[in-house]
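The sequence and structure come first.

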Amino acid sequence: MKKIRELFYPSIHLFSNLRKMLVLGWEMDKKLIIGYYLTTGIAAIAIILTSFTLKYLIDNLLNAQKIQLNTASSIPFILIVVLGARYIINLISGLTSWTFQQIYFDYLLRYKLQNYLSYKFYIKLATLDIAHLENPEAQDLIAKARDTMLWRPPDMLRSFSYFFSSVVSSIASFIILISFGFWIPFVVLLSAIPLLVLRAKYGTIQWSIWGSGAPGIRKLWYFSNLLSTPTALREMKIFKSSEELLRKFKNTQDHLFELNRKPLKNYVRILTFPPILEAAVLFAIAYSQLPHVLAGALSIGSFTLLINMIDSLSGQAVGAVLNFGEMYSNGLFVDHYFDVLELPKLIKEKDKPHILGKITPPKIEFRNVSFEYSNGHKVLSNISFSIAPGENVAFVGENGAGKSTIIKLICRFYDVTEGEILINDVNIKDLALSEWYDFLGTLFQDFVQYHFTVRDNIALGNPNKQSEKEIKEAAIKSGAADFIEELPLKYDTILGREFEDGEELSVGQWQKLAIARAFYEEAPVLILDEPTSAIDAEAEYEIFNNLEKAYENKTLILVSHRFSTVRNAHKIFIVDHGEITEQGTHEELMHKDGKYAKMFNAQAKGYQ
Ligand SMILES: Nc1ncnc2c1ncn2[C@@H]1O[C@H](COP(=O)(O)OP(=O)(O)O)[C@@H](O)[C@H]1O
Ligand SMILES: [Mg+2]
């Protein structure tokens, strides 16, 4: 029983994917889906009908010939009707299957589906929990889905239409063949079994290499990325490592080629032997009916129909199986897409969240907070602190101490493992996240460099307001205005190398622009998690110093691994191995002569 289930599991899974795709298509455009499969069905039936008209044509021709031999008269009306019907049906079949199904509906469905699939995909990504985005497995899944979603899912629907067409034709020919002899369609189907079995045995091997994510495939993707990244190419030039990397790339290619080649050999075997057996069986069936024709029990037209239907049933049955395989192989990739869409929501919001109301600087408090990531890595233990409204605070500590994790918890990208986070004395889990994000402006170490205009780079901080004046003010406060004025089109200059005429900025200039974006949002809480770590300590100190002046009466949270750049903060928290070991003002901490004082003196020397 278990074995049977295992055998059929791939098909059950395939049909569940197919159902999802059809539901998705239905949701997108009902008429299009109906049109697509209706024309498929009509075309399949029309081909069978053409065989029928041929039967009547032949029988009537033979009749007419007998009569005609004796008396010379005009062409019988019935012949004209049958002949005309044949071409009309042919025309309908051609129009539906070619013009409408394969050209119009197929292309339309493809274009529309591609847009729909990717739009849905990016909506999902935009609302995905950060925990998924930081999880390598989920990232891998997202990359796989993105690489295949534009063609595999539409291909699956197309192979289903071929499959559907083969099944309709098979059923029709099956029924017609029964009228010639009950046993005939069964023997025809039996003759197709060797092919089905071989196909089931080897067919999946051939297709599953990419889908199963053989370890080599990921390597190949990685190499392709690496070998086309400008920074990597630059480094490879100097280290002269490109030859070695290319050799590794080629080894992976060769290895995968071999993996793919073996099943191909089997595949060729499938395609060679069974058809020979099949041809012999079909010949035997047709041969067995010849005596009936000679005896006059079977008309020549009917005999022609019989042969056509035998061909049709055996061809379409095999076609159904091959198209099933095609559907299966496309279905493997459709999995990736739906797996992404079905990634669960980890951060759950209350049905009736607490509304904070006025968007002013809030009190932020951590009470005995401990946190571990889902991989079991304990990062924060028993942290407590409080940030008063409008306070300027700084978190300092070495790399890996847990600073960014604290920030991620403030943003509720993750939920605490123990303890609680209170915003104006309300648990963060009771807030509506969209409201909470109105309070927060954040810049992370890997902030975005938008390859749009300077204006867009700033205005994206708050798409709801379009104020030219405030854009310029933000640029002045962040110190970006100076270099913007020198750009060829000033605020209309397109940045980055993505598009033609894009101006490239230095790291420091991008940072100032990002800070201008954060200013423009005017959130009551601004968090800077080391967006300035790529520039030198002195420049970081200057930026922090300016920020503290510009962000008066609002909460400013600075994060740095440099002890020497945050000394003007109202309160400094020292994060060390997931604990807050010291806190106070610069003077208090220096007086205490602990880790802060030691690190400050060591690092300050660096730039004095
Ligand atoms: N998404 C994650 N999953 C598992 N471990 C993580 C994740 N993010 C960070 N860590 C680990 O948590 C620790 C603290 O990281 P982080 O808070 O980023 O430190 P900091 O910002 O102080 O440099 C590090 O050991 C890091 O490897
Ligand atoms: Mg960090």
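Helices (H or I, at least four residues) and strands (E, at least two) are DSSP runs, numbered from the N terminus. With that numbering, Arg412 is placed in the loop between H12 and strand S4 (418–423). The model is predicted.

**Loop residues with positive phi**
- Arg412 is not a glycine, yet its phi is positive, near 50°.
- Arg412 has 21 other C-beta atoms within 10 Å and is therefore buried, the cut-off being 20 or more.
- Asn553, in the loop between helix H18 (537–550) and strand S8 (555–560), is another residue other than glycine with a positive phi, near 65°.
- Asn553 counts as exposed because it has 9 C-beta neighbours inside 10 Å, and the limit for exposed is 12 or fewer.

- Four strands form an open sheet in the order S2-S1-S4-S5, with antiparallel pairing.
- Strand S2 (378–387) and strand S5 (426–427) each have a single partner strand, so each edge strand has one side without a neighbour in the sheet.
- The antiparallel pairing of S4 and S5 runs over 2 bridges, and Ile423 stands opposite Val426 in S5.
- Helix H12 lies across strand S1 (364–372), S2 and S4, at about 115° to S1.

**Shell around ligand 1**
- The shell holds 13 residues, of which Glu134, Tyr373, Lys403, Ser404 and Thr405 come nearest to ligand 1.
- Helix H12 (residues 403–410) supplies the largest share of this shell, 3 residues.
- By class, the shell residues are 3 nonpolar, 8 polar and 2 charged.

Terms used: Residues are numbered from 1 along each chain as its sequence is written. Chains are lettered from A and ligands numbered from 1 in the order in which they are written. This is a predicted model: local features need pLDDT of at least 70, side-chain atom pairs count only at pLDDT 80 or more; totals for chains, interfaces and linings use all residues. A residue is near a molecule or strand if its C-beta atom, placed from the backbone, lies within 6 Å of it. Ala, Val, Leu, Ile, Met, Phe, Trp, Tyr, Cys and Pro count as nonpolar, Asp, Glu, Lys and Arg as charged, and the others, Gly among them, as polar. Two strands pair if DSSP finds at least two bridges between them. Two residues are in contact if their C-beta atoms, placed from the backbone, lie within 7 Å. Axes are lines fitted to C-alpha atoms, for helices over the stretch in contact, and angles run from 0 to 180 degrees between N-to-C directions.
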